[in-house]
Every structure is written in structure tokens, then in C-alpha cells.
Amino acid sequence: MIELRNIHVTYDDAAAPVLDGIDLTLDEGELVLVSGRTGVGKSTLLGVLTGLVPRFSGGTLTGDVLLDGTSIIDTPPRERAHVIGYVGQDPAAGFVTDTVEEELAYGMEQLGVAPDTMRRRVEETLDLLGIADLRARDLRTLSGGEQQRVAIGAVLTTHPRLLVLDEPTSALDPTAAEDVLATLTRLVHDLGLTVVLAEHRLERVVPFADRIALLTGDGGLVVDEPATVLATSPVVPPIVELGRAAGWSPLPLSVREARRHARHLRVLPAPEEHPATGGEILLTAQGLVVTHGRHVAVRDVDVELRAGHVTALMGRNGSGKSTLIWTLQGAHERRSGSVAVDGADPARLAADRRRAHVGLVPQTAADLLYLETVGEECAAADRGSDAGPGTCRALLDRLAPGIDPRHHPRDLSEGQRLALVLAIVLSTSPRVLLLDEPTRGLDYAAKRQLAAIVRDLADDGHAVLVATHDVEFVASVADDVVVLAEGEVVSAGRTREVVAASPSYAPQVTKILGAPWLRVDEVVAAMEAAR
Amino acid sequence: MSARLARDLHPVAWWVWAIGLAAAATLTTNPLLLLLLVAVAAVVVQARRSDQPWARSFRLYLWLGLAIVLIRVVFRILFGGVDGGHVLLDLPSVPLPDWVAGVRLLGPLTLEGLLAGLYDGMRLATIVICIGAANSLANPKRLLKSVPPALYEVGTALVVAVTVFPQLADSARRVRAAQALRGGVDGRVGRLRRFLVPVLEDALERSLALAAGMDTRGYGRAGDATRAERRLNGALLLGALCGIGVGTYAVLDTTAPRWLATPMLLAGVAVAAVGLVSSGRRVRRSRYRPDPWRIEESLVALSGTAVGVIVWWIAGHDLAVAHPGVESVPYLDVAALGAVLVGLVPAVAAPPPRLAVAPALAVGA
């Protein structure tokens, strides 16, 4: 249906092309997953399909894009709108109108679809995506999963033949992500729609993919069946990692297949649970209540953070995780309850004293950065924290060595930028560190690095709290887990116990081997010990 | 009586009604009449507003009106103005240098001066409150969508611009909180930079994402107008612009030849109308569930217009009612009372609004 032929894309200030001679043919009714490490050009490839590259990104594009044999490479995105639908990384940023129903109709209005057809299609789409009860809602009041489904619906109403999605599940909690993916599979099966999506969290998407397009990093592209590509891919979900380590063939892609292979692993001795180490308590919060107007965001929450411990804070979108984190830091006003860090209440301290007790990395970490180079940012952080010159740079070199101080912070990769923000926050040497959703946009390698950094900080005597949706990240780093729902703690305890008890928060290894297994490296270690 | 179907009234109807009331307010300084106009607006808003966010803004306009009255009265006390009359409080006059001749600071405070300030403030406040009533009864965005098809693109741009402000406020709040998490350069310029750079970066990124989103969804498709048609439309709109420009100038400048004034202005408007219709016909775009214009809309629009017209007639024929002056006690006659009460018609005639969480049948209406 759509064919990319010998595509080359070079950005203006880059030495090497991002895409170097790529060919890709998309057939009707298939779901293709675009995968690869951060910054290899996944979004660029999607942009070539939609026409946004090079019109919105700059750079030069050569080669040809064919739709049913006719070249559309010179056709702007708006003239491709009836064939190709696109949902960007942040669906809320692309909303034009203010209610769900109007948003669904917007694309059709642009194409001049007849009013009665529009009416019918809006109703069909509302049902297809299961969002009929949201029809009159204000778009800004929707949760992340709902926004994603509305955004998909809004491009579906024009009946495109190809749907292009950039990281559709990265901001979603596990349940909402499953909903969105189930919807997409249904569209592929029932309507024969072709779907191309880029995603970092392979563990969520791989079972649904018909083919994987792996960007190799040197401008090349490998396209094949998932099992074949994943056998050698540098980015793989835990399930494939386990399969490779255990030598299973063919590689299992879903939990169901892996369970069949895993029968012989059941005999392995279960990993030993390290007893809870009794680090000193650095932060105590009791009976926290936070309200936004009439809405109770956090209700009666007790939290204890110990030195040397990493605690994960989980819960669906909008369950009060961010509110809790900002309240613990002291910037967010609480209605009642107490917070004590080193005997002081952070809410009563001035912002500069607060920083010395509690460090926080917010969801959009880039909000902290405002200077032109990494070196300037570090120097400003040192001056602002009364730390000796070079403190921030030394921290940065420990977290992510070898960043050129002359780089602009926006040119860094997601992982490097996060490390820079972390270094700036740590330069006031707080002992309690709060991280809000740090894994967004990170690939597996960057997440492993982040896990190592967090573990390192905990071993250094920090108490760390991480709010995240990423169950695999939690499995790899957290000692304890607190699960929030509607602002209340629904379960809290050791990671193994909490995660094993919940089907939606269980990592893949737990799903395959059952509790108490959490991580691939545990299984590998046990297999080696048994050999 | 059977229940009436709830539906949203056409926004233009609400605006015509509100402008009628506001026009009536500009034509009178009778405080009773002005209070009555505010009361009418308030009753209709109470009766027919929905539960959407914009509907809650009416209270803000009432406060704004009160503030306007207060400021106007305070100015009267500060700058005096009216000489003679009943002195309430003999404040000393502050001598000012010659070059501000005509302005007096403080000075004796007279009942007449105070009343004149009060009436004047009330008039302005009433106008603002009437516009506020329209804003809380009709979704401002739907009003923008009712523009003729040829202006659709401008309308969308305006809608987007309106949406950007709450987003900008969100991102400002976020950045302010985030910057408090780190040490950095202080001082006025430093702090401003710390705040502005991330907010502007964020705004720019959002705009790009929105532009990309709109483009991929077909905003600004060329349609099927031929080159000649596009040229004709361009010529028509340019001609209209020239006509309206010259006409307006001639109307305002009394030394210009008369044939350049009203005739030119009318011709310009006519050409503009032709241009809008002809380019609108070429636009291949449709509208999802356009607001219908039914008998209720006509009733609402007519009631507002009637208020304006009748008060205009009173202002011409019964000066004592329209502008009672500050010496005598203001009063109303039956005509004035009736005129303003006509504005209450929408409270009954307009259909009940659709509520976000209510059945479509409003029981008891």
C-alpha cells in the first residue's frame, strides 16, 4: 500500500544521515512496530510517512514515498490527511477543539465530509473506541488513557488507511496501555487498518506486532518477523532476554508462550529475599490529606522513607502520585497531617533551605534548565547551592560521564538530560530524593543506567522515592512499593510481595515464573548456580 | 405542560440579545433603568446558563461592574468637577501648577458630583455586565465557529489563541515550581530569565506540536478552487478593503466630497459580502452539528433588539426618564419599565440548556 524507497534524511547540523537508504513496504492490515535505541530516528521515520519530515523538522529528504504506486513525497501532510492519520507523542498537545465530540469531527470538517456522514461516523467511532460516555467531556479533564483513545478516534473518523502513532503508551499506566493496545489490535483485525507505531516499552507492544522495523543506529533498517528481529536486537523486552539466556527456540514473545518453555525452570531455588535493612528513617509523613478544591487528591497517607532504601510509588494516571511527591517536598500545601525531614517540616522552610533537605526531579525535568550550555548550568547550580565550584560537574560525571560542557542541554539525549537535572538537584546535597516519572522516553539501556544511579544513591545513604508506571523499572530497582488509588494507599510493602499480588503491576518475569521471581538477572544467576 | 427539550441556543442569538441590552444602557443614565437592566440580565443568566466552565464567569462580571462603579465614584471625589450644589463634605482643594489647568484635586464634595459619578459608573458597569451575560450564556468558541466559511481559518486561529492562555498559565505554574527546586543565579534579570526561558520553550514546542497535529488532520487543504477563481476572490476582497477604508475616512472627515462617504462605505461592504459568499462557496469544508436557528433564537434576538429600540425611542422623546439629571429624584414610567422587562423574554422563551450530567428532558420547564 505505502512504500518507502531509498529514503535518506540528513538534519542540517548533523554529520551523518539519520536514515540512510531505507526501504519499507507496508501492507494492508498489519501492525508494524518501529523499534531501536533512543535517538536513532524512530520519529523521523514516522515523520517521513506523515510528511512532517522535513516540513516541520528541517533537514533534507531524498528518495521516494509511494502510495499505491504514485509518489506522494511532495504532498504536504494536510493533503495526505484522508489516507494517513497521525497521533503524536503528547496527544493533548494536538487537540484543536475543546470537547470530545467536536475533536472527533474536526478532521472530517477539514475534508468536507457531508454532515449526515459525519454524524454517523462520530457515533461509530465513539462505540468502536468505547468512549461514548466521554462524548461531551472537556478534553482537558480526561485522563491520559482517555486522551490517547480520543486522539486515535479523532484521526479514525476520516477513515485513513494508515495510522501512525508515536509512543502511544509511554505516558500511560499498565491498564490504560493495555486498553489502548487492545483497541489498536481490534482496528487492525476488524477494519484492516495498517498501524505503524514507535514505542520504547517493547514488553507492552511486541505480542501485538506483526512485524518489527528495527533501526540499527547507523541509518539502516531491519524489517522482519518479531522473533527473528528480536533474536539479535539491542533493545529487547525482559521476556526475550530471559528466552535468550535460557536458550529457548523459537523465542517466546508472549507470556503464554514463555510459560510453556519455562516449565523446566520451576525447579530452580527461589531467590533469597534480603531482609529489610534497618537504615535510619529520613522522612516521615503521617496522616497526609491534600485537597484541590472539593476533590481529595491524597487522603490519610502515611509514608516512611529510610536511608539506603528505594521506594516505588505506583498507581493509575491521576491517582495522586505527583501531588503526594510535591507535598512531601513541601511546595504543595497540605490540608492536614505532618511531614518531618531531619526534624524539620519542609513546608515551613524557605525554598533554598528546603532544597538542602529534599531534592525533587519533576515530571518534565527540562523545566529546571534555562541556560545555553551544560557548563553554565552546572556553574549556576554550584553558585546557588553554596557548594564548592565543580560539585555539580563532579556529580554529573559520576551519573553520566563524558558529557561535553559546551553542549546545549536540549541537544542531550533524554537520559543525559535527566542525569544533568539530577546532578543539579543533588548539588545541594539533600538526603531525601524524590523522582516523578523519570523513565519516560528512556530506552532499556538508559533505564538500566538510571536504575544503577538510583541504587548507587541509595547505597550512599540517600532515601529515594520514585513515582512510575514502569513495572519493569520498579522490579529492577525498588525495595518497597506503595500503590495509590484515588489518593489512598491500597497496598504497601516489599516489592516482591506487592508486585506478585497484583496482575497489572507484575513484571514479565513474575508473570512467567510466578512469585517470588522479579528480574531476569536473578533467574540467570540461579541457572548458573544450578549448572 | 409537557417537558421541553434541552438544547443550546445559537450563540449569535444570545449576543444580539446582550448587545440590545448594552445599547439600551448606553442611551440612559437613569439608575433605576440601569439597575433593572442588570437585574434582567442576571435573571436570564440564572435561568438559562449551562454548567460549563464559561457559564460560571457571570459572577466575575458582576464584581467587575461593582469595581467600575467604585472607581468612578472615587475619581469623582478625587478630581471634583461639578461646581455648586449641595456640599456634603468641604474638603480642602489641593493647589496644582498652572499647566494642569482644568483639573482640580479634591475640593468640596457635592451631592450632585457624587451622583453624576455614580450614574456614569453604573452605565459603564451595566454595559460590561450585559456583555458578561452573553459570555456566560453562549460558549465563546462556538460563536467564533459561526463565522462565514470564508473566514473559517481566521476563526480557527482565534479559537487556538483562546486555548493557549490557560495552557500558558499551566506551564508558568509548573516552571515556577520547578525552578524553586534548584539553586541558580538570583537578581532580577536572572530570575526573569529562569522563569521566561523554560516557559517560552514550552510554548514554542506546544505550538509546533499543535501545528503539526492540525496539518496532519487536513487544516488548510487547498480545496478545488482554480487559479482564476482565487484571483477573483482576492480582487474582490482587496476592492472591499479599499472601499471600506475610503468610505470610513470620508465619513469622519467632513471636508471630503460627500459621494465618497456613505455610498463608498456601502459599496465596500457590498463587495466584501460578495467576496465572502463567493470564496465561501469554493471552500470544501463542512460543519459538524451546526447550531440551528429556530423560532426561539429569533425570539431571543428580537427581545434584545426591542429593548434597545424602545429605550432609544424613550431617550429621544422622554428626556426626564432617560436622563433624569442629578437635581431631581429619578423615576420610571410604564413605557420604560415595559421596555426593559421585554428583555426577560429569553428566561422563558429560550430552551433550557443542555447540562453535562443531566437527562436530555428538563422536567417541569
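**Figure 1. Strands β15 and β16 of chain A pair in the parallel sense.** In this predicted model, A:Val358 has A:Val432 of β16(A) as its bridge partner. Strand β15 covers residues 358-361 and strand β16 covers residues 432-436, and four bridges join them. Strands here are DSSP runs of E with at least two residues, helices are runs of H or I with at least four, and both are numbered from the N terminus. Two strands pair if DSSP finds at least two bridges between them. In a regular strand the side chains alternate between the two faces of the sheet. From β15, A:Val358 and A:Leu360 point one way, A:Gly359 and A:Val361 point the other way, and all are buried. Buried means under 20% relative accessible area, exposed means over 50%, and partly exposed lies in between (1.4 Å probe, protein chains only).

Residues are numbered from 1 along each chain as its sequence is written, and chains are lettered from A and ligands numbered from 1 in the order in which they are written. Because the model is predicted, local features need pLDDT of at least 70 and side-chain atom pairs count only at pLDDT 80 or more, while totals for chains, interfaces and linings use all residues; side-chain values use heavy atoms, with hydrogens and water left out.

**Figure 2. An open antiparallel sheet in chain A has four strands.** The strand order is β2-β1-β4-β5. At the edges are β2 (19-26) and β5 (70-71), each of which pairs on one side only. Strand β4 (residues 60-67) and β5(A) are antiparallel and are joined by two bridges. A:Leu66 stands opposite A:Ser71 of β5(A).

**Figure 3. The largest nonpolar core has 68 residues.** A nonpolar core is a set of buried Ala, Val, Leu, Ile, Met, Phe, Trp, Tyr and Cys residues joined through side-chain atoms within 4.5 Å. The members that touch the most other members are A:Ile152, A:Leu163, A:Leu184 and A:Val523. Helix α7 (residues 174-191) of chain A gives the largest share, seven residues. At least three residues come from each of domain 1 (2-236) and domain 2 (283-530) of chain A; domain bounds come from an automatic or database domain assignment. Leaving aside neighbours within four places in sequence, A:Ile152 has contacts (heavy atoms within 4.5 Å) that include A:Val87, A:Leu129 and A:Val180.

**Figure 4. A:Gly330 lies in a loop of chain A.** The loop is between α12 (321-329) and β14 (336-341). A:Gly330 has a relative accessible area of 6%, so this residue counts as buried. Not counting residues up to four places away in sequence, A:Gly330 touches A:Pro346, A:Ala347 and A:Arg354. The C-alpha atoms of A:Gly330 and A:Arg348 are 7.5 Å apart, although 18 residues separate the two along the chain.

**Figure 5. B:Trp14 and B:Trp17 form an edge-to-face aromatic pair.** Rings of Phe, Tyr and Trp (its six-membered ring) pair if their centres lie within 6.5 Å; planes under 30 degrees apart count as stacked, over 60 as edge-to-face and the rest as tilted. By this rule there is one aromatic pair over all chains. The centres of B:Trp14 and B:Trp17 are 5.6 Å apart, with 80° between the planes. Both residues lie in helix α1 (residues 11-26) of chain B, three residues apart, about one turn of the helix. B:Trp14 is buried because its relative accessibility is 3%, and B:Trp17 is buried because its relative accessibility is 0%.
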